[in-house]
Amino acid sequence: MNNKIISSRNNNIDRHTIQVKDALQRITKYISPLPSEEVVLEDAFGRYLAVTVSADHPLPHFRRSGMDGFSIRAEDIRFATLDNPVILKVVDTIPSGSLPSCAISRGQASRTMTGAMVPEGANAVIMLEMTQELVEHGEPYIRITKSIPAGTNISDIGSELREGELVLKSGQKISAGEIALLASFGYDRVPVYRRPKAAIIATGSELLEIAEPLVPGKIRNSNLSMLAAQVKQYGGEPIALGTASDDIEEVSKLIDEAFQQADIVITTGGVSVGDYDIVSHIFSEWKQSVLFNKLAMRPGSVTSAALKDEKLILGLSGNPGACFVAFELLVRPVLLGMQGERKLFLPECTAYLANDFNKVNAYTRYVRGVCYTEGGKLFARQVGADQSAVVTSIKDANCLIVIPPGGQGLKAGEPISVLLLGGVKC
Ligand SMILES: Nc1nc2c(c(=O)[nH]1)N[C@H]1C(S)=C(S)[C@@H](COP(=O)(O)OP(=O)(O)OC[C@H]3O[C@@H](n4cnc5c(N)ncnc54)[C@H](O)[C@@H]3O)O[C@H]1N2
Ligand code: MOO
Ligand SMILES: [Mg+2]
């Protein structure tokens, strides 16, 4: 291993601090959806639709009964009461999936099952339970003692969607509801955006492989697997290129390999000012293509980004907390944008602080927190220790509490902005 001391060069690197929103603006300029591919409907779950779907037929496409009952003409039973029952002749039975064999006319009813086509002439379906069945001279009749308005229990043609109406927009994430619509409109195969391939490189001479026994001074590489999980969570395909020691040549070679295989490259570690923080050094060599190398945020202030061969590379901190947070804020939007998603940023809402924040910072803090409801209000409290190096609190966080810079700190009960993690919605 060749750990050259590069401190003088690293300390000389010109770092210009920018705000997170500016960093996002710089990054998002370079995000565009990847080409699409076709998958079978079952595999479309969690993917992003690559076409806009319009209704090529009305939904429903025939007048459907919403109940097991009798198709009738509402005007025939308009004056039906207990004292003045109306008798209708049953002229047909219509199971769902079958067609009515005749229209109905005045004084007639057709036995119609849920989902079956309502015959011509009928304008309402009265539930079985609201009728009494009779047989007179071998012929079936029903007795009705209550009126129902026209339209009752009938789903009209196009009542959900008219022909030509928008069903789903391109870029829509496909969940159960979208699957149901795609199936309804005959999509057994679905065009979806290709999953972004994200190469991940962990740097650090102190890193052990997960299966290796602990030795003094070394730690297991947890960021590589954590980042791979985050990539998967947002629809990407992780390519874990492994662990490199703090060696410029070794890491540069891995980065080149990463660009050949992936749509985006993520590194972790070595982006600060330390003697062996060689990723900062590698970024500094790229000069113009560097989008930023310092952010006004904690954790993750050292996060860097560059554009190489029209692909983005993000250099995340080695500290697990900082690495996790910077991914959620800066890498997640890239992965989503590459899949055609329009809402790139973490959903934001307002919650009441559940604990004081006395530690004021010059940078915006993104504190790992838990959002919960109590008495119909949304609260957010810090989870565990929030330092960049802390790994244990990541698993408990379902939000990032945004603490603005400066001021006198914040008191419990104050409204505060929170960014929701892991698909939490409010
Ligand atoms: N003099 C200064 N020192 C530091 C500054 C600073 O501004 N001036 N910034 C601090 C901040 S803030 C952060 S964050 C870290 C960033 O460090 P690096 O991105 O250079 O990361 P490393 O030095 O490689 O590692 C930091 C820390 O994280 C552990 N680590 C690294 N990789 C992994 C991994 N794959 N899995 C688990 N843990 C990992 C590593 O052992 C270190 O403990 O710099 C501060 N220093
Ligand atoms: O830059 Mo560090 O990530 O604030 O802790
Ligand atoms: Mg370092």
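This is a predicted model: local features need pLDDT of at least 70, side-chain atom pairs count only at pLDDT 80 or more; totals for chains, interfaces and linings use all residues.
Biologist: Why is the pair Phe283 and Trp286 called tilted?
Modeller: Rings of Phe, Tyr and Trp (its six-membered ring) pair if their centres lie within 6.5 Å; planes under 30 degrees apart count as stacked, over 60 as edge-to-face and the rest as tilted. The centres of Phe283 and Trp286 are 5.0 Å apart and the planes stand at 55°, so this pair is tilted. By this rule there are four aromatic pairs.

Biologist: And what makes Tyr372 and Phe379 stacked?
Modeller: Their planes are 20° apart, with 5.8 Å from centre to centre. Ring pairs also link Tyr352, Tyr372 and Phe379 into a cluster.

Biologist: Why does Tyr372 count as partly exposed?
Modeller: Buried means under 20% relative accessible area, exposed over 50%, and partly exposed in between (1.4 Å probe, protein chains only). Tyr372 has 25% relative accessibility, so it counts as partly exposed. Phe283 and Trp286 are both buried.

Biologist: Which residue lies over the face of Tyr352?
Modeller: That is Lys377, at 5.1 Å from the ring centre. The rule asks for NZ of Lys or CZ of Arg within 6 Å of the ring centre and within 35 degrees of the ring normal.

Technical notes:
Residues are numbered from 1 along each chain as its sequence is written. Chains are lettered from A and ligands numbered from 1 in the order in which they are written. Side-chain values use heavy atoms; hydrogens and water are left out.
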